[in-house]
Amino acid sequence: MFKVGDYVVHGRNGVCEIADIAHIDIDGVDKNRLYYILVPIHSSGSRIYYPVDSDRVVMRAILTKEELEQIIAGVRDIEPIWIENERQREIIYKEAINSCDCRQLISVIKALYERNQERMAQGKRITFVDDRYMKEAKKNLYDEFSVVLNISQDDVEEYISSHIK
């Protein structure tokens, strides 16, 4: 069980701080059930109420700096997810993002980067779906990396680049 003040990755909401663990008084909600009250780090006005005893959405502790450095050291070895079928590709990208696994997020980013480079070389534009998943994968990855490294999200890409060269 997490405690108040912990940072966690919560599904597609990204990094959140646990603001409280309490019973909540909302109509239609079991008042005897304990909830994490989560505050997304980039949306301090928002609150997410997530049952302590639920596993419907992936929720995990953020990485340690050592774990993050191991992931960055292995970035070159992470294979891009490549799926030819458009519909299947979107499903796989969604599953990867929902997994909250940094290696899978990197795999999605690498695949979309390669796909977009290919499309631009052919004179084609980036598709809406590709752009959406690229932004979401980067946001979730960079959110966590920025918190762990105590740097801005804008500096994460440069940090990664400088450590894999």
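Visitor: In this predicted model, does Glu144 count as buried or exposed, and why?

Guide: A residue is called buried when its relative accessible area is under 20%. Glu144 has a relative accessibility of 2%, and therefore counts as buried. Glu144 belongs to helix H4, which covers residues 128-149.

Visitor: Which residues is Glu144 in contact with, leaving aside its neighbours within four places in sequence?

Guide: With those neighbours set aside, the contacts of Glu144 are Val9, Val15, Arg60, Ala61, Ile62, Leu63 and Cys102.

Visitor: How does one judge the span of helix H2?

Guide: One expects 1.5 Å a residue, so the 13 residues of helix H2 (residues 86-98) should span 18 Å. The end C-alpha atoms of H2 are 18 Å apart, in agreement with that expectation.

Visitor: Which residues of H2 are buried, and where do they fall when seen down the helix axis?

Guide: Arg89, Tyr93, Ala96 and Ile97 are the buried residues of H2. Viewed down the axis, they fall within an arc of 95°, so they line one face of the helix. These buried residues pack against H3 and H4.

Visitor: What is the volume of the largest pocket, and which residues are closest to its centre?

Guide: The volume of the largest pocket is about 500 Å³. Its lining comprises 18 residues, of which Val75, Ile109, Lys110, Ile160 and Ile164 are the closest to the centre. Helix H3 (102-121), H4 and helix H5 (153-164) each give two or more residues to this lining.

Note on methods
Residues are numbered from 1 along each chain as its sequence is written. This is a predicted model: local features need pLDDT of at least 70, side-chain atom pairs count only at pLDDT 80 or more; totals for chains, interfaces and linings use all residues. Side-chain values use heavy atoms; hydrogens and water are left out. Helices (H or I, at least four residues) and strands (E, at least two) are DSSP runs, numbered from the N terminus. Buried means under 20% relative accessible area, exposed over 50%, partly exposed in between (1.4 Å probe, protein chains only). Contact means heavy atoms within 4.5 Å. On a 1 Å grid over the protein atoms alone, a cavity is a set of points where a 1.4 Å probe fits but cannot get out, and a pocket is an open set with protein on both sides within 12 Å along at least five of seven lines; lining residues have an atom within 4 Å of a point. Grid points are joined across faces, edges and corners, and a volume is the space filled by probe spheres set on the points. The expected span of a helix is 1.5 Å times one less than its number of residues. The arc is that of the directions from the helix axis to the C-beta atoms.
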